[in-house]
Amino acid sequence: MSFVPAEVLPGSALAVQKTPARRATAELGPRARLWPALVAVYRAQLSRARVARIPLLFVATFQSVGIMILMRGVVDGGGEARAVVAGASVLVVAFVALNLLAQYFGQLRASGGLDHYATLPVPPAAVVLGAAGAYASFTVPGTVVTAVFGCLLYGLPLTHLWVLVLVIPLAGAALAGLGAAFGLLAPRPELATLLGQLGMSAALLLGVLPAERMPGVVRFARDLLPSTYGVEAFARTFGSDPDWAFVFGDLAVCAGVGVVSLAVATWAYRRAAVR
């Protein structure tokens, strides 16, 4: 029997030392890109919440329509009627984006649902944006129905209702970021629900009531509310000759606040997911 040196034996220690260093751990797959992950989260949230949120959307629409009918007894027309119709329409967005989204993320954090998303290879921004987009999608029918009913009730023109295509996503993004941040930063789900309802109440009182009848301090608080600029942009389109520079200026403010609020919500998601 011939002698074979140990260094050439496949299983010998010397042979292992002469081979290239082996990786101790397997390399993980790449993280999902933002846009495909966002679309996946959006579809999952949309299909999950479709049945449960439709009755709540009906409540939001009925609430806004009832407010307009109630205000019809004290508001005849003019700028006040424009403010009431625009504020009631955006209130549907506020109900879903502030109230329901705050409740959703508050319950998700309390039940440990954030741990599930934290194990997925998706960017945190995709989770926040996907959930916010899904909830905002439910506001489209109610907002349109409220706006059309309000225009017919107060005798306002229907010519520029197309601006809702911009008002709904931009105002919805600004309010959804706040709602998600409320739910993710609140230590308990009950507090998240309370913050969401307070935000919706602020949108109701400061958005639907005409600004001309408010004192100076309340007007200042109204200017701090993101949905105010969506209301102002929509209300300006009811005039015979709208000043589109001011309309798009208000929408630009909504867009800027939406970027900031969604960034805060993304940071809050990262903070809540690692705890």
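**Salt bridges**

In this predicted model, a search of the whole structure finds two salt bridges. Side chains of opposite charge can pair when their charged atoms come close.

Select Arg-222 and Glu-232 to view one of these pairs. Their side chains meet in a salt bridge, with 2.8 Å from N to O. Arg-222 belongs to helix 9 (residues 216–224) and Glu-232 to helix 10, so the pair ties together parts that are 10 residues apart in sequence. Is Arg-222 buried or exposed? At 5% relative accessibility, Arg-222 counts as buried, because buried means under 20% relative accessible area. Glu-232, at 24% relative accessibility, counts as partly exposed.

Next, select Arg-236 and Asp-250. These residues form a salt bridge in which the closest N and O atoms are 3.0 Å apart.

**A residue of helix 9**

Return to helix 9 and select Val-218, which lies in this helix. At 30% relative accessibility, Val-218 counts as partly exposed. In sequence, Val-218 and Leu-206 are 12 residues apart; in space, they are 7.8 Å apart from C-alpha to C-alpha.

**The cavity**

The structure holds one cavity of 30 Å³ or more. The volume of the largest cavity is about 30 Å³. To display its lining, select Gly-87, Val-90, Leu-91, Ala-94, Ala-203, Gly-207, Ser-227 and Val-231. Helix 3 (78–110), helix 8 (189–208) and helix 10 (227–236) are the elements that give two or more residues to this lining. Which helix gives the most? Helix 3 does, with four residues. Colour the lining by class: five residues are nonpolar, three are polar and none is charged.

**The largest pocket**

Select helix 7 to see where the largest share of the lining, seven residues, comes from. By class, the lining of the largest pocket has 15 nonpolar residues and three polar residues, with no charged residues.

**Helix 5 against helix 6**

Two packed helices are described by the angle between their axes and the distance between the axes. Hide the rest of the model and keep helix 5 and helix 6 on display. At what angle do helix 5 and helix 6 pack? The angle is about 35°, and the axes of helix 5 and helix 6 are 5 Å apart.

To examine the contact itself, select Tyr-135, Ala-136 and Ser-137 in helix 5; these residues meet Thr-139, Val-140 and Pro-141 in helix 6. The residues of this contact divide into four nonpolar and two polar, with no charged residue.

Key:
Residues numbered from 1 in each chain as written. Predicted model: local features only at pLDDT ≥ 70, side-chain atom pairs only at ≥ 80, totals over all residues. Heavy atoms only, no water. 1 Å grid on protein atoms, 1.4 Å probe; cavity = no way out; pocket = protein on both sides within 12 Å on 5 of 7 lines; lining within 4 Å. Points joined across faces, edges and corners; volume = space filled by probe spheres on them. Nonpolar A, V, L, I, M, F, W, Y, C, P; charged D, E, K, R; others polar. Salt bridge = Lys/Arg side-chain N within 4 Å of Asp/Glu carboxyl O. Buried < 20%, exposed > 50% of the residue type's maximum accessible area, 1.4 Å probe, protein only. Axes fitted to C-alpha atoms, helices over the stretch in contact; angles between N-to-C directions. Contact = heavy atoms within 4.5 Å.
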